[in-house]
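The structure is shown first.

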Amino acid sequence: MAATPQYGVDYLDNIDQLKQYAASDIREWRLVAGEEIWRSRLRQSVYALRDAFYAHVAATEGPGGLYRELCDAAPRLERRVAALRRDSSHLASAIDLLLMRSEHARPEWVRRWSRELVAEMDRHREMGAELLYEAYVQDLGGET
């Protein structure tokens, strides 16, 4: 989990780690280390993602966080900020659900659910990046 000075916590490394476990070949794990070790390591990566994501949410959505700053600087973005907040809540629930399901479910299902979560997390990060771009970088008019 890496801190970025202005925007809170970057959880990209945690997403990448979960992506690696979701893409790994369970047959190789069964031969080399065993399914339970694979499951344990995947779950550890989900716990790490959860902790980093919660820290990110606290930094962006908390009082005086990035979203408050965005809405103060660009009130036109309040709807999109609200959508990101809803998405953050959905993702937190999805992470918790994956932790619960991954304890005993078949590895193929766990891998599929992990890939789905990774895709949702990537989409959330993209939405946040687009919002920042629009708020701080995009030229909204003026002299040409």
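The points below are grouped by topic and refer to a predicted model.

**Nonpolar cores**
- The largest nonpolar core contains 22 residues.
- Leu18, Leu49, Ile95, Leu117 and Met121 have the most contacts inside this core.
- At least two residues of the core come from each of helix 1 (12-23), helix 3 (35-61), helix 5 (78-102) and helix 6.

**Contacts of Ile95**
- Leaving aside residues up to four places away in sequence, Ile95 touches Val46, Leu49, Arg50, Phe53, Leu117 and Met121.
- Among these neighbours, Leu49, Leu117 and Met121 are also listed with Ile95 as residues with the most contacts inside the largest core.

**Ser24**
- Ser24 sits in the loop that runs between helix 1 and helix 2 (26-32).
- Ser24 counts as buried because its relative accessibility is 13%, and the cut-off for buried is under 20%.
- The side chain of Ser24 makes a polar contact of 3.2 Å with the side chain of Trp38.

**Surface patch**
- Tyr133, Tyr136 and Val137 make up a nonpolar patch on the surface.
- Together, the three residues of the patch have about 310 Å² of accessible area.
- Tyr133 belongs to helix 6, which spans residues 107-137.
- With a relative accessible area of 46%, Tyr133 is classed as partly exposed, since exposed requires over 50% and buried under 20%.

How values were computed
Residues numbered from 1 in each chain as written. Predicted model: local features only at pLDDT ≥ 70, side-chain atom pairs only at ≥ 80, totals over all residues. Heavy atoms only, no water. Patch = residues over 30% accessible without salt bridge, like charges linked within 9 Å, V, L, I, M, F, W, Y side chains within 5 Å. Areas by Shrake-Rupley, 256 points an atom, 1.4 Å probe, with all protein chains shown as cover. Salt bridge = Lys/Arg side-chain N within 4 Å of Asp/Glu carboxyl O. Helix = DSSP H or I, 4+ residues; strand = E, 2+ residues; numbered from the N terminus. Buried < 20%, exposed > 50% of the residue type's maximum accessible area, 1.4 Å probe, protein only. Core = buried A, V, L, I, M, F, W, Y, C linked by side-chain atoms within 4.5 Å. Contact = heavy atoms within 4.5 Å. Polar contact = N/O pair within 3.5 Å; in protein donor to acceptor, adjacent residues only side chain to side chain.
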